[in-house]
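Please read the following points with the model open beside you, and check each one against the structure as you go.

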Amino acid sequence: MLSQSSDGTKGKIQGELAEAVGFEPTVGFHPRSVSNRVLSASQPRFRRVLFNGAGQAGQEGKDGAVCKNPCVVARLAQDGRTIAVAGVAMQQGLMDWLRKPYGLVTSCALCTGIVVGTIDDLRHWAIAKASAVFQTAVTAQQACVDQYLDSRPETTEGPYLIIMTDLVNDEDQTQTRSLDQNLRTLYGQDVDGAIQLEAVPCTIYPTAGNAADRYEGAKQTALDIATWTKADVVIWGEVVGSGLKINLSMTHPRDSANREYMVQDNTLDANFGEDIGALIAVKMLTLAEMKPQDHGTYVVPRMTRVITLTAPLVNALPDQMSAYDRCRLFLSFGLALQIVGLQSGDADMLKKAVAALQTALDLYPDDAPAYDWAFTQNALGVALVQLAEREGGIELLEAAAAAFKLALIVRTKADEPADWATTKNNLGNVLARLAEHQNSADLFQDAVTAYSEALTELSQSKQPLDWARTQNNLGNALTSLAELQDSPDLLHKAIAAHTEALKERRRDLVPLDWANSQSNLGIALRALGKRQEGTAAFDQARLAYTSALQERRRDLVPLDWAMTTYNLALLDVSYFQKTHQTAWLNTAREQTMQARAVFEEIGATVYVAAADGLLSSIETAAAP
């Protein structure tokens with residue numbers, strides 16, 4: 001750290017730099033928005049400009065060392081003269097950049113300010129020096145944006161936010177107001193609505209310079225605004241020709257879309273509403289779609305946000321949204337409801353998910369991509385299976401099987417092998433549930449075949465989590481088939497399948513999937529233990545169940561918690577049958593009652609009936 005300079009040194013340096021760089025300091029500059037953009041100094045040519053000045057300053061510093069970073073020159077400098085030399089050496093390079101994109105200029109201004117301000121008592125003066133460069137080099141457009149960003153409170157992620165900037169070449173703001181009016185006509189002004197609109201009283205599109213540079217510069221500024229405000233879309237552009245055309249760009253975190261719209265009687269043509277609707281639909285679908293790793297994690301908060309954003313729109317679909325985008329909106333809504341229903345155990349959520357997904361299919365236009373239609377059919381089938389698990393009923397399972405078979409018309413093994421395998425896996429789940437209802441070894445064998453076929457197209461190296469999910473399901477089907485056929489060999493195969501699944505279903509990556517496989521492994525081990533001497537397999541099953549409960553928390557995934565607790569009760573009954581110790585029945589009774597309370601609370605009527613049956617068996621076994 002440099003020692004503090006005297007007032008005389010300060011005045012001398014101020015004079016030298018004012019003379020060298022050619023301006024006087026100003027006041028009132030807030031450097032936050034500039035300092036956020038210092039990374040733009042990584043541009044090769046600009047770095048050379050700064051390094052040359054820093055090097056000259058460093059050579060006159062301690063022991064003639066050369067500094068390659070202008071922002072740490074002060075660590076080498078011994079007096080104010082060295083700092084002044086740095087400023088003078090940068091002068092020519094700085095002036096050369098005054099007409100370049102503002103990010104480079106402000107970085108240069110800021111680094112120059114840091115160089116001349118590293119002596120403690122000159123720091124504020126240096127910021128003012130940087131301010132003078134900023135105000136000289138940066139257009140009023142960017143100064144306006146920075147003032148807006150500085151004054152606007154930082155926001156957290158909330159409703160879908162569309163930010164509108166002023167259009168250039170629109171001096172009386174006629175078309176800017178038209179843009180605002182059209183958006184508010186489409187989405188209203190409800191402060192609690194899913195779509196929020198915000199106007200920025202600034203233009204961000206330069207009116208002079210190379211067309212490509214103008215566009216890229218404005219796009220970057222739009223991305224900066226989106227980042228700071230958490231906006232989903234930032235709209236910017238210009239009025240073209242006579243004023244009846246508006247060339248708009250809609251920038252979102254992934255890309256920018258550009259299109260020209262006509263204005264008649266202050267109304268933009270229908271393409272505008274369709275394009276905005278498409279952006280909204282894509283955003284909702286991006287939030288709602290589950291990546292493979294998401295299936296093993298708790299995502300209810302994210303999906304709840306999708307439901308909150310989407311519900312007002314599906315209840316009052318914007319007129320200008322295309323049929324295809326309406327489908328995608330209902331698809332997003334259905335996917336989010338399905339996941340919340342699955343993880344929370346809420347059967348009503350699953351019913352709403354089925355209704356939303358069916359509506360999406362009903363709305364699908366003939367010219368929509370067939371793949372998206374098949375994706376929706378597959379999603380509907382999954383929701384129907386999950387609902388059937390909670391409410392029972394073969395009708396739901398048969399409807400799910402029909403949905404999967406329709407999806408497989410498009411998702412063929414030749415054209416879409418991975419998606420074909422996913423749907424085959426899902427069809428196997430339906431067959432396994434139907435086999436449970438009918439106590440059918442043949443249907444369980446059909447499920448085993450479906451899973452095995454899926455595994456021919458799923459690779460542990462390429463699709464590890466999908467591969468592991470199918471191994472897990474294969475293990476479940478083998479366990480059920482082994483129970484019907486009283487086959488220890490099949491149980492060993494089931495245990496092997498679950499062990500394979502756990503190679504990829506790791507707790508640190510997909511904790512809920514890990515817990516699912518642990519619980520299913522416990523079921524297979526208990527079944528094996530009933531056919532062996534001693535309780536060694538039971539002990540392993542208990543370890544698997546208790547491991548599962550580390551992630552299957554009652555407050556997060558109540559149905560999963562209750563199912564594993566119920567399985568622990570079954571295990572304790574099996575211990576009693578082996579040891580004839582009545583203490584096992586006491587713990588089994590307590591666990592069954594705890595599980596039943598949750599089943600009843602979330603409306604899982606099938607499991608309530610199962611718990612009642614187990615309680616009756618326990619009381620019978622406990623009777624003298």
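1. Serine 256 counts as buried because its relative accessibility is 14%, and buried means under 20% relative accessible area. Please keep in mind that this value, like the others in this note, comes from a predicted model.

2. The side chain of serine 256 is joined to the side chain of threonine 251 by a polar contact of 2.5 Å.

3. Two packed helices are described by the angle between their axes and the distance between the axes. For helix 12 (residues 323-344) and helix 13 (residues 347-363), the angle is about 160 degrees and the axes are 8 Å apart. Helix 12 is therefore roughly antiparallel to helix 13, since angles over 145 degrees are counted in that way.

4. The crossing of helix 12 and helix 13 is left-handed. When the residues in the contact of helix 12 with helix 13 are sorted by class, there are 16 nonpolar, 4 polar and 2 charged residues.

5. Helix 16, which runs over residues 417-438 and has 22 residues, reaches 31 Å from its first C-alpha to its last, and this is close to the 32 Å expected at 1.5 Å a residue. Helix 16 is also mostly covered, with 16 of its 22 residues buried.

6. Which residue takes a positive phi just after helix 16? It is asparagine 439, where phi is about 50 degrees, and a student may wish to find this residue in the model.

Technical notes:
Residues numbered from 1 in each chain as written. Predicted model: local features only at pLDDT ≥ 70, side-chain atom pairs only at ≥ 80, totals over all residues. Heavy atoms only, no water. Axes fitted to C-alpha atoms, helices over the stretch in contact; angles between N-to-C directions. Helix = DSSP H or I, 4+ residues; strand = E, 2+ residues; numbered from the N terminus. Parallel < 35°, antiparallel > 145°, perpendicular 65-115°, else oblique. Left-handed = near helix turned anticlockwise from the far one by under 90°. Nonpolar A, V, L, I, M, F, W, Y, C, P; charged D, E, K, R; others polar. Expected span 1.5 Å × (residues − 1). Buried < 20%, exposed > 50% of the residue type's maximum accessible area, 1.4 Å probe, protein only. Polar contact = N/O pair within 3.5 Å; in protein donor to acceptor, adjacent residues only side chain to side chain.
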